[in-house]
Amino acid sequence: MSTLSAQHQQSARAELEVCVDSEQALSVCEKAGVERIELCAALALGGLTPSHGFMQRAAQANSHKMLSGSDGQAAQVYAMVRPRAGDFCFSKAEVDIMCVDIKAAGEAGLAGVVLGAATTAGALDQACLERLCEAAGSMGKTLHRVIDMLDDPLQAIDQAVALGFERILTSGGARQVGEGLVQLGQMQAYAGNRICIMAGAGLSPTLAGQIRSQTGIGSFHSSCTRVSGEESDYEAFGFAQGRGLVDEQLIREYQRILAIC
């Protein structure tokens, strides 16, 4: 990416999105003034559709501006819409379920949904996404890390733009975002101002600053969790998988670094 292009992309203020799957995480985001939240269940599985109750709780807090961003506006809350763990090739019955969940997110008053679907040939499932986007209507739409599993991420950017997505979450095709810097730069340069590229997966505050400087990307995604490393009785009995707690200090460290880079 050219220096001029990077400088152009950096003209906008950097932003942080935090993904949450618990009331504890939601409350910490509320206190820290997070600007956008991705609401999920089961983050240990990459994020699944949150319960309707959790959607309503987040929307209710937002409607009372309990979740207020640093600019004094209510935070945007997007719901992950993914009915199961595993691949992103969905059956018609699964798409039917996803459409119902999208409707529930809209009825709860959430700002948007996080979507993604692929074909067995390694491309976006255009037909599936057209149906999901139609169900979302005027709600905001983020394309999730399905793009990191595709053969041609640049083609997928064109499709996402045509479908009306606002942003794409990506690790640059790598397991960890720090290993995908080259592809992140290519995706940012190709996307230009047509759609927001949001970097995430294994992110840290320092790495966010590095990505910002090297690629011009100004949107970042993190769970902001710290795991104790100590196994609880619940984990030993198979009821939990290393559940991490959202750390307010870590959120504020992201905010500090992104405010100056």
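A search of the whole structure finds 0 aromatic pairs, where a pair means rings of Phe, Tyr and Trp (its six-membered ring) with centres within 6.5 Å. This is a predicted model, in which local features need pLDDT of at least 70 and side-chain atom pairs count only at pLDDT 80 or more, while totals for chains, interfaces and linings use all residues. Residues are numbered from 1 along each chain as its sequence is written, and side-chain values use heavy atoms, with hydrogens and water left out.

Charges do sit over rings: R167 lies over the face of Y78, at 5.2 Å from the ring centre, and R194 over the face of Y190, at 5.1 Å. The criterion is NZ of Lys or CZ of Arg within 6 Å of the ring centre and within 35 degrees of the ring normal.

The largest pocket holds about 710 Å³ of space. A pocket is an open set of points on a 1 Å grid over the protein atoms alone, where a 1.4 Å probe fits, with protein on both sides within 12 Å along at least five of seven lines; lining residues have an atom within 4 Å of a point. The volume is the space filled by probe spheres set on the points, which are joined across faces, edges and corners. The lining has 28 residues, and L43, G46, G47, R145 and A201 are the closest to the pocket centre. Strand 8 (219-222) and helix 10 (248-260) are the elements that give two or more residues to this lining; helices (H or I, at least four residues) and strands (E, at least two) are DSSP runs, numbered from the N terminus.

T206 lies in helix 8 (residues 205-215). Its C-alpha is 7.5 Å from that of I257, 51 residues away in sequence.

Note on methods
Phe/Tyr/Trp six-rings, centres within 6.5 Å; stacked < 30°, edge-to-face > 60°.
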